[in-house]
Amino acid sequence: APGLYVVATPIGNLGDMTDRAKAVLAQVDLIACEDTRVTQKLLSYLMIRKPMLPYHEHNGPAMRPKLLEKLAGGARIALVSDAGTPLISDPGFKLVDAVCEAGHKVTPIPGPSAAITALSVAGLPTDRFLFMGFPPPKSSARRDWFEAEKATRASLVFYESARRLPETLRDAADVLGARPAAVARELTKKFEEVRRDDLISLANHYEAAGAPKGEIVVVIGAAEEKAPAGTAIDADKALKLAL
Ligand code: SAM
């Protein structure tokens, strides 16, 4: 059927490409992708030949009308990112918005996302989590960024480049303290590693060891529930009673 298909692709392990994602990429008329060279590699592996159009931050305003025109003509278009789920710290939100507004169908073809994959193995509470994207590159802005979520009762999940991991963990530890945390690296790939420790120990570790290699997701446990107001008084009462 005509419309936009938002297709998730593997985050490292090509075995994670779903049958449905393969079928859709094989069936669409056109693939809009972040980087045609990256997607060409995936298509070659899948033995699919398909016209591609670059769609990213910079050419979005110019490309959206073109893609909408094709959809109006009955085209089936897939949107893919370099890796993982489109729109999750990746381009596509404005396109999906515009396609919906124009009344065309948008179909999700779900698959891997690094954030959810990290949450699934971090061993930290997942009942509530806040996905924060990438931290600001400058330390002062980054500290404010953590400070703003200091009282948030949810696990914090964010992406960070390997190069900046040590300084970001230090800022996080300085602001948030010794909360339980996990650094998930190279998920689904050969050198996959999940390091669990308290945030201060993790900051110390990566400061001493230096920036690791590869792709990284950080998960930090939620702020501790504060004792509800009145608890101290109740404890006082209880103590008096006991005495
Ligand atoms: N849309 C993608 C998704 O759904 O996972 C994320 C795109 S974002 C531009 C790329 C970042 O995701 C990387 O810098 C890294 O922080 C994280 N990432 C992607 N693949 C990963 C992997 N295999 N292991 C750990 N982190 C990964």
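**View 1. Met47 sits in the loop between helix H2 (36-46) and strand E3 (52-54).** The model is predicted; local features need pLDDT of at least 70, side-chain atom pairs count only at pLDDT 80 or more, and totals for chains, interfaces and linings use all residues. Residues are numbered from 1 along each chain as its sequence is written. Helices (H or I, at least four residues) and strands (E, at least two) are DSSP runs, numbered from the N terminus. Met47 is exposed because 8 other C-beta atoms lie within 10 Å; exposed means 12 or fewer such atoms, placed from the backbone. Met47 and Leu95 are 48 residues apart along the chain, and their C-alpha atoms are separated by 27 Å.

**View 2. Helix H3 (residues 60-72) crosses helix H4 (residues 93-101) at roughly 35 degrees.** Their axes come within 10 Å. Axes are lines fitted to C-alpha atoms over the stretch in contact, with angles from 0 to 180 degrees between N-to-C directions. The crossing is right-handed: the near helix is turned clockwise from the far one by less than a right angle. Gly60, Arg64, Leu67, Leu68 and Leu71 in H3 meet Lys94, Leu95, Ala98 and Val99 in H4 (contact: C-beta atoms, placed from the backbone, within 7 Å). By class, this contact has six nonpolar, one polar and two charged residues. Ala, Val, Leu, Ile, Met, Phe, Trp, Tyr, Cys and Pro count as nonpolar, Asp, Glu, Lys and Arg as charged, and the others, Gly among them, as polar.

**View 3. The ligand is surrounded by 24 residues.** The closest are Gly84, Ser113, Ala114, Tyr159 and Leu187. Helix H5 (114-122) and strands E7 (155-161), E8 (180-185) and E10 (215-220) each give two or more residues to this shell. A residue counts as near if its C-beta atom, placed from the backbone, lies within 6 Å. The shell has ten nonpolar, eight polar and six charged residues.

Notes. Contact = placed C-beta atoms within 7 Å. Buried ≥ 20, exposed ≤ 12 C-beta atoms within 10 Å, placed from the backbone.
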